[in-house]
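Here are a few friendly notes to read alongside the model. Please keep the structure open as you go through the points.

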Amino acid sequence: MRDPYEVLGITPAATDDEVKDAYRALARECYPDGSDPSSDTPNERMQEINDAYDEIMRRRRSGEERGGSPFARIRTYLSQNNYAAAESELDKIPQASRSAEWHFLKSVCLDRRGRTGDAMQELNLACEMDPSNEEYARSREMYRNRAGGYGSAYRTDTYGTPQRSTASTFCNCCSNLIIADCCCECMGGDLCPCI
């Protein structure tokens, strides 16, 4: 059997709602008009989609995905929207063992807590550490699209942390001000009219 996440076109970090959305979208592709076609091919494909969805949900209910590597457990917590448990597990991993996967998963936790600048910093680091990882690259591209391009325009280092290589020359204070202004503008205000 193929990996059920691959069948649905999602990652193990997907939330239960994202799993359901992927399942429904694929089901609509097989039966766009809601009818049951007579051809065997769509039926076989639909059976594969059903089996994948059932397997993912079975694993999540049983807690089976929590076994194995700590990253698998963390991804399971993320898929269940349990960001506190995921971040707690991440923080237990020693500094020397923090791989690109660690930084990627940390970025998910930070983003879900509203710390978008720090999340983008972690995601960029994950992409730098593992430039061939398509999941990281897709996530960064989706993040940039969601941010309307602002994510690459300024540095988002936090005070007291070493600077990482970036193309920007803005100081942390400036980037925080730009972020605050962007947030205000999204809500209809204008914190800094000059920006």
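1. Let's start with a helix pair: Tyr83, Ala86, Glu87, Leu90 and Asp91 in α5 meet Trp102, Leu105, Lys106, Cys109, Leu110 and Arg112 in α6. Contact here means heavy atoms within 4.5 Å. Helices (H or I, at least four residues) are DSSP runs, numbered from the N terminus. By class, this contact of α5 with α6 has 7 nonpolar, no polar and 4 charged residues. Ala, Val, Leu, Ile, Met, Phe, Trp, Tyr, Cys and Pro count as nonpolar, Asp, Glu, Lys and Arg as charged, and the others, Gly among them, as polar.

2. A word on what you are looking at: this is a predicted model, in which local features need pLDDT of at least 70 and side-chain atom pairs count only at pLDDT 80 or more, while totals for chains, interfaces and linings use all residues. Residues are numbered from 1 along each chain as its sequence is written, and side-chain values use heavy atoms, with hydrogens and water left out.

3. How do α5 and α6 cross? Their axes come within 10 Å and cross at roughly 145°. Axes are lines fitted to C-alpha atoms, for helices over the stretch in contact, and angles run from 0 to 180 degrees between N-to-C directions. α5 passes α6 in a left-handed crossing, meaning that the near helix is turned anticlockwise from the far one by less than a right angle.

4. Next, look at α4 (residues 70-79) and α5 (residues 83-92), whose axes come within 7 Å and cross at roughly 160°. That makes α4 roughly antiparallel to α5 (the term covers angles over 145 degrees). On the α4 side, Phe71, Arg73, Ile74, Tyr77 and Leu78 meet Tyr83, Ala85, Ala86, Glu89 and Leu90 in α5. These contact residues divide into 8 nonpolar, no polar and 2 charged.

5. Helix α4 also packs with α6, at an angle of about 15° and with the axes 11 Å apart. That makes α4 roughly parallel to α6 (angles under 35 degrees). The contact is made by Phe71, Ile74, Arg75 and Leu78 of α4 and Glu101, Trp102, Phe104, Leu105, Val108 and Cys109 of α6.

6. Finally, the largest pocket has a volume of about 670 Å³. Of its 22 lining residues, the closest to the centre are Glu18, Phe104, Arg112, Ser139 and Met142. On a 1 Å grid over the protein atoms alone, a pocket is an open set of points where a 1.4 Å probe fits, with protein on both sides within 12 Å along at least five of seven lines; lining residues have an atom within 4 Å of a point. The volume is the space filled by probe spheres set on the points, which are joined across faces, edges and corners. The largest share of the lining, 6 residues, comes from α8.

Methods
Helices (H or I, at least four residues) and strands (E, at least two) are DSSP runs, numbered from the N terminus. Angles under 35 degrees count as roughly parallel, over 145 as roughly antiparallel, 65 to 115 as roughly perpendicular and the rest as oblique.
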